[in-house]
Amino acid sequence: MSKDLFRILKEKWGGNLNPLISQKVIVVAGDITCDNLGVKDSYLLEEMSKEIDVVVNLAATTNFDERYDVAIGINTFGAKHVLDFAKNCAKLKVLVHVSTAFVSGEMEGLIKEDPYKLGETLNGTSGLDIDTEKNVVEETLNQLRAENSSEESIKSAMKNLGIQRARKYGWPNTYVFTKAMGEMLLGHLKDNIPLVIIRPTIVTSTYKEPFPGWVEGVRTIDSLALGYGKGKITCFLGDPKTIIDVIPADMVVNAIVVAMVAHANQPNESIYHVGSSVSNPVEFTWLQDYGFQYFTKHPWINKDGKPVIVGKVTVLSTMDSFRRYMAVHYLLPLKGLQIVNAACCQYFQSTYLQMYRKIKFVMRLIELYGPYLFFKGVYDDMNTEKLRRSAKESCEETDVFYFDPKSINWDDYFMNTHIPGVVKYVFK
C-alpha cells in the first residue's frame with residue numbers, strides 16, 4: 001500500500017483507508033507449489049473453503065530462461081494446486097487462471113482462442129506427458145546431486161533442460177511451455193468447475209486507471225527502450241513489419257473482472273485473448289520511432305549530469321545480418337583480444353572475460369527472444385470482443401471496466417503515457 005500505485009485511493013480516503021483495507025482484505029501467506037497452497041493452519045483453510053467464492057490465479061514465474069524445476073513447479077503444477085483448492089471452496093462461482101497468449105509458441109497467421117488438450121504439442125511430436133516431465137526433472141536433479149554438482153552447475157543444467165524439453169515439443173522457451181502444460185491440466189481436471197483462462201499479450205503500463213503510466217518492473221519491450229535511452233543500444237534486431245502485440249495493464253485487469261462476472265456459475269471453459277494485434281496493431285518499427293522521438297525531446301541524464309544523445313539505430317532485419325554484425329563488431333575484436341591476452345601473459349584476462357560474458361549474454365537473449373522479433377502471428381480476440389459487447393448491453397459500468405484496444409491512440413499512448421511511465425517508475 002506504500003506504492004505510488006495506491007495514491008489515488010489515499011487521496012480519496014485519507015486516514016480512513018487503512019481501516020477500510022483491513023475490513024476488505026485478508027492477506028494469507030501461501031505457496032502454490034504446495035498442496036493446500038502451502039497454508040498449514042487447518043482452521044484457516046476451513047474458513048477459506050467456506051467463504052471464498054472466486055479464485056483468481058495470477059501467480060507465475062515469467063522468466064523465459066527459468067530453471068525447469070522452478071517453472072514446472074509454479075506454472076504447471078501450481079495451476080493444478082490452485083484448481084484443487086478451488087474445488088474445495090463450497091461457494092465457488094468461478095476460477096480465473098491468467099496464462100499468456102504466447103502459449104501459442106511460434107504459430108503463424110490468425111491464432112484462435114482454443115484450449116490445449118492434454119498431451120497436445122505444437123510440432124506434432126508425440127509423447128508429451130506431464131507426469132513424465134516431472135519425473136525427468138526429479139531424475140536429473142537426483143543425478144546431479146549424486147555427482148556432487150555445484151549449485152551453479154545445477155542451476156545451469158536446469159535452465160538448459162527446460163529449453164531442451166520445450167523445443168522438443170515445439171515451444172520456444174521454458175516459460176510458455178510450462179504455462180501451456182498448466183492450461184492442459186486445468187482443462188483436463190476441471191470437472192464441473194467454471195473455468196476462465198485469460199491470455200494477455202505483452203502487458204504495458206496503465207492506460208487510465210488508477211492513473212496513466214504506472215508500470216512495475218522491466219517488460220520485454222521496455223528493456224529495449226531503457227537500453228536505447230541510455231545510449232547502450234546502437235542496433236535493433238527484428239522484422240520492421242512484425243506486429244508487436246501490447247495491451248495496457250488496466251485493460252487486462254478489467255477483462256478479468258468482466259469475464260469473472262460473465263462466467264459465474266457456468267460450468268464450462270472459456271478462453272480470452274486480451275491483446276491488440278487484430279483490432280489495433282502496433283508495428284515493430286513504430287516502437288523504434290517512438291523511442292527516438294521521446295529521448296530526442298527528453299534525453300536521459302547520465303551519471304556525469306550530461307544528456308545522452310540518441311540517434312537512429314541500425315535495424316538488422318534477419319538473423320544472418322545479426323550474426324554478421326556481431327562477428328564484425330564483437331566476435332573478431334574478442335578473438336584479437338584473446339590473442340593479445342595470451343601474448344601478454346593473461347594481462348588482459350579480466351577485460352577479456354568481461355567482454356566474453358557480455359557477448360554470451362546478448363547471444364542468449366537473442367536465442368530466447370528471437371522468435372518474437374520475427375513473429376508472424378496475430379491473436380484472434382473474437383471471444384473477447386463478444387465479451388465486450390455483452391458487457392456493454394448488460395452493464396452500466398462499461399466506462400469503468402473498459403478493455404477495448406481500438407480506443408487507444410498508440411502515438412499518444414507511447415509518447416505521453418508509456419515511455420514517461422517507464423522513465424518515472426523503472427528508469428529512476
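Mentor: Two strands count as paired if DSSP finds at least two bridges between them. Strands (E, at least two residues) and helices (H or I, at least four) are DSSP runs, numbered from the N terminus. The model is predicted: local features need pLDDT of at least 70, side-chain atom pairs count only at pLDDT 80 or more, and totals for chains, interfaces and linings use all residues. Residue numbers start from 1 along each chain as its sequence is written, and side-chain values use heavy atoms, without hydrogens and water.

Trainee: What makes E2 and strand E4 a pair?

Mentor: E2 and E4 (residues 195–200) share 4 bridges, in the parallel sense, and the criterion asks for at least two. Within this pairing, valine 96 stands opposite valine 196 in E4. E1 (residues 54–57) and E2 (residues 94–98) also pair in the parallel sense over 4 bridges, with valine 54 opposite valine 94 in E2. From E1 the chain crosses through helix H4 (residues 68–87) to E2, in a right-handed β-α-β crossover. Right-handed here means that, with the strands pointing away from the viewer, the path from the first strand over the helix to the second runs clockwise.

Trainee: Why do E1 and strand E8 stand at the edges?

Mentor: The open sheet has 4 strands in the order E1-E2-E4-E8, with parallel pairing. E1 and E8 (269–274) each have a single partner strand, so one side of each has no neighbour in the sheet. From one strand to the next the twist averages 15°.

Trainee: Why are H6 and H12 called roughly parallel?

Mentor: The axes of H6 (residues 151–168) and H12 (residues 349–373) cross at roughly 30° and come within 13 Å. Axes are lines fitted to C-alpha atoms, for helices over the stretch in contact, with angles from 0 to 180 degrees between N-to-C directions. Angles under 35 degrees count as roughly parallel, over 145 as roughly antiparallel, 65 to 115 as roughly perpendicular, and the rest as oblique. H6 and H12 are therefore roughly parallel.

Trainee: Which residues of H6 and H12 meet?

Mentor: Lys159, Asn160, Ile163 and Arg167 in H6 meet Arg364, Glu367 and Leu368 in H12; contact means heavy atoms within 4.5 Å.

Trainee: Why is aspartate 65 called buried?

Mentor: Buried means under 20% relative accessible area, exposed over 50%, and partly exposed in between (1.4 Å probe, protein chains only). Aspartate 65 has 11%, so it is buried. This residue lies in the loop between E1 and H4, and, leaving aside neighbours within four places in sequence, aspartate 65 is in contact with Lys159, Ile163, Arg364 and Leu368.

Trainee: What is isoleucine 52 by that scale: buried, partly exposed or exposed?

Mentor: Its relative accessible area is 23%, so isoleucine 52 is partly exposed. Isoleucine 52 lies in the loop between helix H3 (42–51) and E1. Not counting residues up to four places away in sequence, isoleucine 52 touches Phe85, Cys89, Lys91 and Leu92.

Trainee: What sets the backbone of asparagine 148 and aspartate 191 apart?

Mentor: Most residues other than glycine have a negative phi, and most peptide bonds are trans. Asparagine 148 has a positive phi, near 55°, and aspartate 191 has one of about 55°. Asparagine 148, at 69% relative accessible area, is exposed; aspartate 191, at 57%, is exposed.

Trainee: Where does a cis peptide bond occur?

Mentor: It joins glutamate 209 and proline 210, with omega about -5°. Proline 210 is in the loop between strand E5 (202–204) and helix H8 (220–229).
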